Amino acid sequence: MKLHRRDIVKAGLGFGAGLTFAGRHSLKAQTVDVAPTRFDDGTVRSLAQNLASKSYRAPQKDLPDSLAHMTFDQFSSVQFNNEKTLWGQDHLAFDVQFFPRGYLYKQNVDVFEVINGSAHPVTCTPDTFSSRDASLNISTEAGFSGLRIRYALNQPGVMEECAVFLGASYFRAVAKGQAYGLSARGFAKDTGTPTGEEFPVFRAFWLEKPAAGSQSLVLHALMDSPSLTGAFRFTIRPGETTLFDVQSSFFPRVDISAGGIAPLTGMYYFDANDRVHVNDWRPAAHDSEALQIWTGAGQNIYRPLTNPTDLQLSSFSDAGPYGYGLMQRKRSFHDYEDLALHYERRPSLWVEPVGNWGKGSVNLVEIPTPSEVNDNIVSFWRPQSPMKAGQTYNFTYRMYWGWDTPWPTHQARIHDTRAGAVTDHPDKVQFVLDFDGEPFHTVSDPAAYHLTAQTSAGSIGGVTIMPNPEINGMRAFFQLDPGGAKLCELQVQLANAQGPVSETWLYRWTP
């Protein structure tokens, strides 16, 4: 279950199979018939649907030993030939570069350029990549494992990465001023279940050449695994917030009861609410600090993440959600004090369904990790009804890679969550919640507020509210007495005489 964040993904790299289009030399693998040149918005969908009707076959992953057994540092040292940059000389808002096969990324990924409704293969030639390490034989025509999309995100005329597709069905993006953090992926299957997780892969990409002056890029992807196939259309718009408009279609080969739509994957190591078993000099280390949900009933939920002792699964039932995301609210360097990793620059990622997704649940998986090198947090939407073999399932959504949620709120928000021991009462837990936001712009008297708090086990006491002038907000104290319980589900809101004024803070406490 543990995913090494430096390597993107270890499991599932053997899924998928190569494609053979007319005029393309491909490694030996399953072939899929498709029109040799014509391409439109229905091409990948038809390809995925046709592929789902056939038995799954894994691709050949043969590589020269020097490439197959690369170290991470060797893989990172491989240089892409800038002269091979797709659209590099066309003076467009975007260009594209590629990753070699090797190390963990042994599967060949086919890439096509789409111009005026025709798909043309992007070929890997002996001079596409180079390395100062002569033992790698990197000039071998081994193919591509993924791609990076570049855009002048921070400085006019300076092209830099804004999105990467590499490893299984994983992809990452940043907004202006940010650094890579959490990832998204095409589909999650059996995440957190005893059967073990299956990782579908993107087998092929089609890049539509943008018109001169266009500030959006359209990318299509074909996904495959033993259990299902999928077709994706991404419209990517980098900027102060980087937007992905995603149209996805899934074609199960088998019945799927534990599927995940629009999954998000990140890392949470520790913070002020959860560092009992961590001996680290920094205040915090995480890509994301909380799961946030805007339910179909209009409730705003804020659920701080934890690094549990045992794997934890949480499910938040809903109907027609407005959105959910893994959020990073702490934006000061002093929140982390890390000169190398700069967690304060990591994106929040919000998923906004387009259309009503019906009944289901936002699921959260928290996996124990002994360090910050593992991606141990996963969140996704799970439809209430299982996905049936032979059927088609369509989900459209928008992804916001940015600094916060894309919508303003009049509610008070959680600024910080802290937890620790209670002096002279080691069986109790002291919680400290800081609230900031609009309500305190007009009413700053703590006597005007009270805390509504409940727990599924044990009891809550010692409630105190006071001003926190450092954030122009309020600080609330309360104590949890578990009473011997091994798990307590907590729910807290700040309220005034008229009712709740804050988002709903949820928390799962375990010893």
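Predicted model: local features only at pLDDT ≥ 70, side-chain atom pairs only at ≥ 80, totals over all residues.
Two strands count as paired here if DSSP finds at least two bridges between them. Strands themselves are DSSP runs of E, at least two residues long, and are numbered from the N terminus.

Residues are numbered from 1 along each chain as its sequence is written, and side-chain values use heavy atoms, with hydrogens and water left out.

Let's start with the sheet. Four strands form an open sheet, in the order E28-E29-E32-E31, with antiparallel pairing. Which strands stand at the edges? Strand E28 (413-422) and E31 do. Each has a single partner strand, so one side of each is left without a neighbour in the sheet. The twist averages 20° from one strand to the next. That angle is taken between axes, which are lines fitted to C-alpha atoms, and angles run from 0 to 180 degrees between N-to-C directions.

Now look at E32, residues 473-481. On one side, seven bridges join E32 to strand E29, residues 425-436, and the two run antiparallel. Met466 stands opposite Arg475 in E32. Gly461 stands opposite Gln479 in E32.

E31 and E32 also form a hairpin, with four residues between them. Asn472 sits in that turn and has a positive phi of about 55°. As background, strands of a sheet pair through backbone hydrogen bonds, either parallel or antiparallel.

Trp87 is not a glycine, yet its phi is positive, about 70°. Where is Trp87? It lies in the loop between strand E2 (79-80) and E3. Trp87 is buried, at a relative accessible area of 4%. For the cut-offs: buried means under 20% relative accessible area, exposed means over 50%, and partly exposed is in between, using a 1.4 Å probe and protein chains only.

The other one is Asp190. Its phi is near 60°, a positive value in a residue other than glycine. Asp190 lies in the loop between strand E11 (187-189) and strand E12 (201-208). At 14% relative accessibility, Asp190 counts as buried.

On to salt bridges. The rule is a side-chain nitrogen of Lys or Arg within 4 Å of a carboxyl oxygen of Asp or Glu. How many are there by this rule? The count comes to 24 salt bridges.

Take Arg150 and Asp95. Their closest N and O atoms are 2.8 Å apart. The pair links distant parts of the chain: Arg150 is in strand E7 (residues 144-151), Asp95 is in strand E3 (residues 94-100), and they are 55 residues apart. Arg150 counts as buried at 19% relative accessibility. Asp95 counts as buried too, at 5%.

Now Asp338 and Arg282. Their side chains meet in a salt bridge at 2.7 Å, N to O. Asp338 lies in the loop between strand E22 (323-327) and strand E23 (348-354), and Arg282 in the loop between strand E17 (268-270) and strand E18 (285-286), so the pair ties together parts that are 56 residues apart in sequence. Buried or exposed? Asp338 is buried at 7%, and Arg282 is buried at 5%.

Asp245 and Arg237 give another salt bridge, 2.5 Å from N to O. Asp245 is buried at 18%, whereas Arg237 is partly exposed at 32%. There is also a network of salt bridges linking Asp271, Lys330, Asp416 and Arg418.

Last stop, Thr369. Thr369 sits in the loop between strand E24 (359-366) and strand E25 (374-375). Thr369 is buried, with a relative accessible area of 5%. What does Thr369 touch? Leaving out residues up to four places away in sequence, Thr369 touches Tyr268, Tyr269, Asn307, Asn374 and Asn376. Contact here means heavy atoms within 4.5 Å.
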